[in-house]
Amino acid sequence: MVSQISEGIKISVETYYQPDYSNPVNNEFMFAYKITIENNNAFPVKLLSRHWYIYDSNGSLREVEGEGVVGVQPQINPGQLYQYISGCNLRTEIGKMHGTYLMENITNKKTFTVSIPSFQMSTPFKLN
């Protein structure tokens with residue numbers, strides 16, 4: 001697990017390889033990741049949008065932007081956390097992601113950016 005705190009928000013990430021949804025013969029590797037967002041500020045926040053950078057080990061980069069996460073824009077009160085699980089498909093056995101969330105301080109309506117730490121996705125090594 002990797003985690004990072006920025007702007008009073010702690011982001012933790014765990015990744016899981018999904019062999020049942022992958023097809024290595026066709027260079028399709030599916031991963032799930034669980035994100036925990038913890039609000040260590042004295043004010044409630046709302047997650048407005050996300051911006052991801054997704055890298056395959058062959059050097060390709062994809063960017064994904066959108067409103068909220070998994071179809072919602074959660075409000076996270078002080079001292080509380082929000083968790084969600086999402087997925088990412090890669091064309092190689094190893095890749096990584098990082099990005100940002102745009103958050104809003106609900107008290108004063110100011111927006112700020114929270115960093116999502118870089119995390120690696122890799123298939124388990126096979127034993128001969």
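Reader: How many bridges pair β1 and β2, and in which sense?
Author: Five, in the antiparallel sense. Keep in mind that this is a predicted model.

Reader: What stands opposite V2 in β2?
Author: V13 stands opposite V2.

Reader: OK, which sheet holds β1 and β2?
Author: An open one of four strands, ordered β1-β2-β3-β7, with antiparallel pairing. Its edge strands are β1 (2–6) and β7, each pairing on one side only.

Reader: How far are neighbouring strands of this sheet turned against each other?
Author: By 20° on average, ignoring direction.

Reader: Is β3 mostly covered or uncovered?
Author: Mostly covered. Strand β3 spans residues 29–39, and eight of its eleven residues are buried.

Reader: Switching to the largest nonpolar core. Which residues touch the most other members?
Author: I11, Y33, I35, I37, W52, Y101 and M103, out of 25 residues in that core. At least two core residues come from each of β2, β3, β4 (45–56), β7, β8 (94–105) and β9 (111–122).

Reader: Why would nonpolar side chains be buried together?
Author: In soluble globular proteins they tend to be.

Reader: What does I37 contact, leaving aside neighbours within four places in sequence?
Author: Its contacts include I9, I11, L47, I76, L81, Y84, Y101 and M103. K10, Q80 and Y82 are also in contact with I37.

Technical notes:
Residues numbered from 1 in each chain as written. Predicted model: local features only at pLDDT ≥ 70, side-chain atom pairs only at ≥ 80, totals over all residues. Heavy atoms only, no water. Buried < 20%, exposed > 50% of the residue type's maximum accessible area, 1.4 Å probe, protein only. Core = buried A, V, L, I, M, F, W, Y, C linked by side-chain atoms within 4.5 Å. Contact = heavy atoms within 4.5 Å. Pairing = 2+ DSSP bridges. Axes fitted to C-alpha atoms, helices over the stretch in contact; angles between N-to-C directions.
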